[in-house]
Amino acid sequence: MHLSDDTTAVLEYLNTSIEGGLRKKNDIGVLLELGATSGDAEVFNTLTRTGKGLWNVYGTLRRVQPGAEGYPVLEREFGSLLNEVRELLASMLSAADDDVLKRFDEIYFGMTSGTIRNLVDLAHDLARLKDLQNDAR
């Protein structure tokens, strides 16, 4: 998918504004482009909120010992947010071309530990984007 000059400029800004940069820069670019061209900013905003929630729960799970009080609740919330991110991605990708669909399908919609890591990395970027949006307000 060709990214517009505006999307490329936003990606460069994000990549330099976020400590350590974006983890899934190209995929964030595709999502930004799809959000801009589809005119449905609400889905993208919901995706950033959900991604931030997923990133926060992931961070908490990493600090809590398995078997600790509340751990099963965190695991369920993590799984629920993973599925919600996938559903929002699928919604945004409805206007994408076949190459983009195939790439996202391989990276984010499988049922492997690798796809979960990819979703967590995407959630990191979405959370940082949401933080920048909140800081701008």
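This is a predicted model: local features need pLDDT of at least 70, side-chain atom pairs count only at pLDDT 80 or more; totals for chains, interfaces and linings use all residues.
**View 1. Helix α4 crossing helix α6.** The axes of α4 (residues 71-92) and α6 (residues 113-136) come within 11 Å and cross at roughly 75 degrees. Axes here are lines fitted to C-alpha atoms, for helices over the stretch in contact, with angles running from 0 to 180 degrees between N-to-C directions. On the α4 side you'll find F78, L82, V85, R86 and L89, which meet T115, I116, L119, V120 and L122 of α6. Sorted by class, this contact has 8 nonpolar, 1 polar and 1 charged residues. (Nonpolar covers Ala, Val, Leu, Ile, Met, Phe, Trp, Tyr, Cys and Pro; charged covers Asp, Glu, Lys and Arg; the others, Gly among them, are polar.)

**View 2. The whole chain, for orientation.** The protein chain has 6 helices and 0 strands, where helices (H or I, at least four residues) and strands (E, at least two) are DSSP runs numbered from the N terminus. Its radius of gyration is 15 Å, close to the 14 Å that the globule rule gives for 137 residues, so the chain is as compact as a globular protein of that length. That radius is taken over C-alpha atoms, and the rule is 2.2 Å times the number of residues to the power 0.38. The C-alpha atoms fill a box of roughly 50 × 35 × 25 Å along the principal axes.

View 3. Buried means under 20% relative accessible area, exposed over 50% and partly exposed in between (1.4 Å probe, protein chains only). This core holds 39 residues, and L31, L47, L89 and F104 touch the most other members. Helix α4 gives the largest share, 9 residues. Skipping residues up to four places away in sequence, L47 touches L31, V85, L88, L89, M92 and L126; contact means heavy atoms within 4.5 Å.

**View 4. L14 in helix α1.** L14 lies in α1 and is buried, with a relative accessible area of 4%. Beyond its neighbours within four places in sequence, L14 is in contact with L22, L32, L129 and L132. L14 and K25 are 11 residues apart in sequence, and their C-alpha atoms are 9.0 Å apart.

**View 5. Y58 and T46, both drawn from helix α3**. Y58 is partly exposed at 24% relative accessible area, whereas T46 counts as buried at 19%. Leaving out residues up to four places away in sequence, Y58 touches F78 and V120. The C-alpha atoms of Y58 and E75 are separated by 8.9 Å, while those of T46 and F78 are separated by 16 Å.

Terms used:
Residues are numbered from 1 along each chain as its sequence is written. Side-chain values use heavy atoms; hydrogens and water are left out. A nonpolar core is a set of buried Ala, Val, Leu, Ile, Met, Phe, Trp, Tyr and Cys residues joined through side-chain atoms within 4.5 Å.
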